[in-house]
Amino acid sequence: MPEKTIFERIRDREVPATIVHEDEHCVAFKDITPQAPVHILVVPRKAIAQIGTAATTDREVLGHLLLTAAKVAKGEGISESGYRLVINNGADAGEAVPHLHVHLLGGRKLDWPPG
Ligand code: AMP
């Protein structure tokens with residue numbers, strides 16, 4: 001059995017996190033090093049390593065992650081002001097945790113292009 005990632009340990013309540021939403025497909029919790037006033041990670045319960053290795057059979061859960069991020073953004077009160085969803089894939093993007101996650105960032109003006 002491979003060692004669990006930090007996000008699986010949060011999912012399984014072995015590591016504390018501020019969980020803002022959970023359902024049968026995903027868990028959403030506050031990022032421990034927030035890059036914006038709202039910085040939440042939406043993580044599938046299924047241990048999909050990254051978007052680049054997701055399978056077509058993951059289609060439903062992938063769609064669910066985006067719809068959930070939008071729902072959480074609404075709950076955080078940033079639907080009107082705007083927000084950004086980010087998926088880092090691989091070293092050049094700075095992916096650090098090999099468990100797919102959607103960053104929800106908002107609550108301030110975000111620069112474009114990103115650094
Ligand atoms: P990425 O660089 O896309 O892989 O993003 C990983 C994110 O996970 C970073 O923004 C980290 O701050 C965040 N992170 C790492 N450990 C934890 C944790 N224990 N609780 C919440 N967020 C975490």
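A polar contact here is a pair of N or O atoms within 3.5 Å; within protein, one must be able to donate a hydrogen and the other to accept it, and residues adjacent in sequence count only if both atoms are side-chain atoms. With that in hand, select aspartate 58 and lysine 46: their side chains are joined by a polar contact of 2.5 Å. Aspartate 58 sits in the loop between β3 (38–44) and α2 (59–75), helices (H or I, at least four residues) and strands (E, at least two) being DSSP runs numbered from the N terminus.

This is a predicted model, so local features need pLDDT of at least 70 and side-chain atom pairs count only at pLDDT 80 or more, while totals for chains, interfaces and linings use all residues. Residues are numbered from 1 along each chain as its sequence is written, and side-chain values use heavy atoms, with hydrogens and water left out.

Next, select the ligand and its shell. The ligand is surrounded by 16 residues, and the closest are Asp31, Gly94, Ala96, His101 and His103. Colour by secondary structure: α1 (6–11) and β2 (26–30) each give the shell at least two residues, and α1 has the largest share, with three.

Now show the backbone atoms. A polar backbone atom of alanine 96 is 2.6 Å from an oxygen atom of the ligand, and one of glycine 94 is 2.8 Å from a ligand oxygen. On isoleucine 32, pick the backbone N or O atom that lies 3.1 Å from a nitrogen atom of the ligand.

Technical notes: Near = heavy atom within 4 Å.
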